[in-house]
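Please read it with the sequence and the model side by side.

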Amino acid sequence: MAKITKTLIKVGSLEWCYRKLSPVGWENPQTAILLHGLPSQSLTWTGLMPPLAEQGIRTIAPDWIGFGNSSKPEARDFAYTPDAFVAAFAEAIDTLDLDRVSLVVQGFLGSVGIQYAIRYPERVNKLVILNAPLTTSVKLPWKIKQLGLPVAGEMLTQDPLSVERTLEAGCKCIIEDKYLEVYRQPYLKSSIPGRSLLATIRNLRLVESLTEISTGLPKLDIPIQILWGMNDPWLDLAPAEACVKSLKHGELVTLPTAAHYPQEHWYAEIKAPLISFLRRQV
């Protein structure tokens, strides 16, 4: 089995870091792009990438701009709005010279991947959604919202412990130290990652984004799978159930013990339905 590699690519003025794992011995493997949520990074997908590769699926997991090891421009140079993230991601996909890909998205900010699929349906083969906001009834959870508050947000986003506590609150379990060290590392080096996180949360424009998602998803004529951790402390199942009923080609798979970040600790539960869905002939 090949090892997961990390690569940097320059796209305009921005530098994207992404993890990649390609299957060995498979001809013409399909490609799945894995998009993380808040306040995570591509590390969150590393448990799921090997079983996907074993089944002939190449995975690319980028750090969003402002997160992990990707560029963290100042707010004056990058708006940190959903539109800015979608545009930057579209340019990255073009630079990687990828045609039609499957998108696997999770959480708040991962939801920007849904907006990309809505705006560029010709570029997306399949869409998989893990515990992400889907309807306008969804509110930003307090644990994330507080990171964008006036005054308090400036302090909290400079504290790597705030990021760790947010991730563990969403997981509803303790993350191993070896992984927490990777999550906290950018915040220990400078104040820039904290400013990027602050700008992202303050510019989520959740109502606008969810309006686009709730009206645009039913129009997509591609297979869509919703994988839902039932133990999510922030997102209820009801919006996902309502969403899947509106889809042309949708299915809902519930994960009894998984929480907000299903890929973080429950990839063993996810891999079978996800692989079956991705390998299914359209």
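The numbered points below go from the whole chain to single residues.

1. Basis of the note. This is a predicted model, in which local features need pLDDT of at least 70 and side-chain atom pairs count only at pLDDT 80 or more, while totals for chains, interfaces and linings use all residues. Residues are numbered from 1 along each chain as its sequence is written, and side-chain values use heavy atoms, with hydrogens and water left out.

2. Overall form. The chain has 12 helices and 8 strands; helices (H or I, at least four residues) and strands (E, at least two) are DSSP runs numbered from the N terminus. Along the principal axes, the C-alpha atoms fill a box of roughly 50 × 40 × 35 Å.

3. Of the 282 residues, 57% count as buried, where buried means under 20% relative accessible area, exposed over 50%, and partly exposed in between (1.4 Å probe, protein chains only). The chain exposes about 11,800 Å², and carbon and sulfur atoms supply 51% of that area; such areas come from the Shrake-Rupley method with a 1.4 Å probe, and for residues only the protein chains shown count as cover. Among contacts (heavy atoms within 4.5 Å) between residues at least 6 apart in sequence, 76% join residues at least 24 apart.

4. A helix pair. Two packed helices are described by the angle between their axes and the distance between the axes. Helix 6 (residues 160-171) and helix 7 (residues 177-189) pack at about 145°, with axes 9 Å apart. Axes are lines fitted to C-alpha atoms, for helices over the stretch in contact, and angles run from 0 to 180 degrees between N-to-C directions. Helix 6 contributes Pro160, Val163, Glu164, Leu167 and Glu168 to the contact, and helix 7 contributes Leu180, Tyr183, Arg184, Tyr187 and Leu188. These residues divide into 7 nonpolar, no polar and 3 charged; Ala, Val, Leu, Ile, Met, Phe, Trp, Tyr, Cys and Pro count as nonpolar, Asp, Glu, Lys and Arg as charged, and the others, Gly among them, as polar.

5. The loop between strand 3 and helix 1. Proline 39 lies in this loop, between strand 3 (30-35) and helix 1 (49-54). The peptide bond from leucine 38 to proline 39 is cis, with omega near -15°. Glutamine 41 belongs to the loop as well and counts as buried because its relative accessibility is 3%. Leaving aside neighbours within four places in sequence, glutamine 41 is in contact with Arg19, His36, Asp63, Gly68, Val182, Tyr183 and Pro186.

6. Backbone points to inspect. Most residues other than glycine have a negative phi, and most peptide bonds are trans. Leucine 109, in helix 3 (residues 107-119), has a positive phi of about 90° and is buried at 1% relative accessibility. Asparagine 131 has a positive phi of about 35°; this residue sits in the loop between strand 6 (124-130) and helix 4 (142-145) and is buried, with a relative accessible area of 0%.

7. Valine 282. Is this residue buried or exposed? Valine 282 counts as exposed because its relative accessibility is 72%. Found in the segment after helix 12 (267-279), valine 282 touches Asn125, Lys126 and Pro223, not counting residues up to four places away in sequence.
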